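Please read the points below with the model open beside them. They go from the whole chain to single residues.

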Amino acid sequence: MRVPAVASSGDVTASISTCNCPNCGAAFDADPRFSQWCPACEWNLGSEPPGTPRALRRRARERARAERSHARMAARSTAGGRWGAEWVASQVLASLVHLWTLAVVAGSVWLLLSGSVFFAFLGLVGLGLAFLLRPKLGTRGEDPALVAPEAAPQLYALAARIAGELGVRPPARIRVQSGYRTDYTRLGVRQEVELTVGMALWTVLSEPERIALLGRELGRGRNRDPRRGLWLRLALDTLDAWYRLLMPDGGDELMLTRIERPGQYDMLPTSGVVRQIYANAQKALIEEVASRLLRTCALPVRLVRRALHRLVLSGSQEAEYRADDLGARAGSSRAVTAMLDMLFLEESATAYLCQQRALVGHGGVARPDDLAQALWNGLAGYLDSVPDIERERRRRLAARQGTAVDAWHPPTHLRVRLQAGRPEQPAAVPAESVDWPAIHAELEDARWRTAILVLGI
Ligand SMILES: [Zn+2]
């Protein structure tokens, strides 16, 4: 029961056929390159990743929290947002973390000056720890991903123009990485803005969507994200550093090895089995004591870290919605919604790039003269050829799984829903007013560098 049709885009040609759902009988389009699924009854859509009952309950709680935060943001105008009790609590907790760091330093100095060799040694250890775990403002040394301002004046000018429209600081540094992600960081004592753009995402976005992307990232300069506040960010970094120190790799692997049953010894002579079990038991005991000790020391750090994360989380997610609003102001509502919609295709983009890497690795394809152009144009053509039925599957699957860019972002489907519900906004920076060919030329080196990274050659 197949009616072949042909959809073609760029150099990628796909044949779409019609299938009938084995569950409800409804007809749906199918592309042999992707999973078949039924939009009517969601047969074969895919399910949530499996987990323990506890993990599932936690996920359900996170989802309910994300829905509540979405509802709050949807009820507010785009300019809304204020500090609440959670913000005050998080600042108090962050202050306590900094006081703790100060106390470690002061205590260590006191021990160092105590006169006793043993205490002086402890003091030195304490100072060493404080130095290792000190809050860091962030610096970057030699950075191959950096696109220097003098090499890309038009790109920097565009970013500065968008920043001007939004009333935020323009980026002092723009980096281009190979992936599908963007990032916004503040570095150094002057807290300069560093923007990181993923070449894969940049390539597949349309011009207005690129403006929306830059706008939403730069908008993080004024979206009142609690994590961007220096005080809180340094406290979170300090807690992370303590946690990594006390819980290297976590104790989970130890737990797993202890659960294993000794059935593997069935084939050995009995005395050998007993010796083996004793040796294993002794090793496990030592490991367990060490692991428990570390866990006990790490417990307060873990609790404070979790509390601070919890306090900051909803504020951070709401700030990401605000950044989307600022992206809409820069590049229009339509552009920001389309840009967010492209995030659902991250897995498809990654799969395409991995496939190209494998093909080049096995010498399966002749290398074109312009590798970079072939790779990035190929990616854009491929994503362009993804049929609506697959795009819809990705959207619904992401909604079902609550997929987000990371734990600090709201689930992407809620971000799309919020923007779709906002009143239509025109672009403050129209795409027609930008010299795109010049920007394209400025990114030539970055395209080559990232293509070589992706292809592993
Ligand atoms: Zn069906």
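The numbered points below cover the chain, its sheet, some of its helices and a few single residues.

1. Basis of the note. This is a predicted model, in which local features need pLDDT of at least 70 and side-chain atom pairs count only at pLDDT 80 or more, while totals for chains, interfaces and linings use all residues. Residues are numbered from 1 along each chain as its sequence is written.

2. Overall make-up. The protein chain has 16 helices and seven strands; helices (H or I, at least four residues) and strands (E, at least two) are DSSP runs numbered from the N terminus. Of its 457 residues, 28% are buried. A residue is called buried if 20 or more other C-beta atoms lie within 10 Å of its own, exposed if 12 or fewer, and partly exposed in between, with C-beta atoms placed from the backbone. Among the contacts in the protein chain with a separation of 6 or more, 70% join residues 24 or more positions apart. Two residues are in contact if their C-beta atoms, placed from the backbone, lie within 7 Å.

3. The four-stranded sheet. An open sheet with mixed pairing runs in the order β4-β5-β7-β6. Its edge strands, β4 (146-147) and β6 (183-187), each pair on one side only. Pairing here requires that DSSP finds at least two bridges between the two strands.

4. Pairings within the sheet. β4 and β5 are antiparallel and share two bridges; V147 has I174 of β5 as its bridge partner. Strand β5 (residues 173-177) and strand β7 (residues 192-198) run parallel and are joined by five bridges. In that part of the sheet, R173 is bridged to E194 in β7, and Q177 stands opposite G198 in β7.

5. Most residues other than glycine have a negative phi. Q191 is partly exposed because 15 other C-beta atoms lie within 10 Å.

6. Phi of N44 is near 65°. N44 sits in the loop between β3 (27-30) and α1 (53-75). It has 14 other C-beta atoms within 10 Å, so N44 is partly exposed.

7. Helix α2 (residues 85-112) has 28 residues and reaches 41 Å from its first C-alpha to its last, close to the 40 Å expected at 1.5 Å a residue. The expected span is 1.5 Å times one less than the number of residues. Residues S90, A94, V97 and S108 of α2 are buried. Helix α6 (residues 207-218) has 12 residues and spans 17 Å, close to the expected 16 Å. Because 11 of the 12 residues of α6 are buried, this helix is largely enclosed by the rest of the structure. The buried residues of α6 include P208, E209, R210 and I211.

8. The annotated span. In the unreviewed UniProt entry, the annotation "transmembrane region" covers residues 109-133; such annotations may be inferred rather than shown by experiment, feature names are shortened, and positions are given in the numbering used here. In the model, the end C-alpha atoms of residues 109-133 lie 16 Å apart, and the span is 80% helix and 0% strand.

9. Residue A120. Is A120 buried or partly exposed? It counts as partly exposed because it has 15 C-beta neighbours inside 10 Å. A120 is in helix α3 (residues 117-132). Leaving aside neighbours within four places in sequence, A120 is in contact with L111, L112 and S114. W110 is 10 residues from A120 in sequence and 8.7 Å from it in space, C-alpha to C-alpha.

10. Helices α12 and α16. The axes of helix α12 (residues 371-385) and helix α16 (residues 444-455) come within 9 Å and cross at roughly 75°. Therefore α12 is roughly perpendicular to α16; angles of 65 to 115 degrees count as roughly perpendicular, under 35 as roughly parallel, over 145 as roughly antiparallel and the rest as oblique. L371, A372, L375 and W376 of α12 make the contact with R447, W448, A451, V454 and L455 of α16. Axes are lines fitted to C-alpha atoms, for helices over the stretch in contact, and angles run from 0 to 180 degrees between N-to-C directions.
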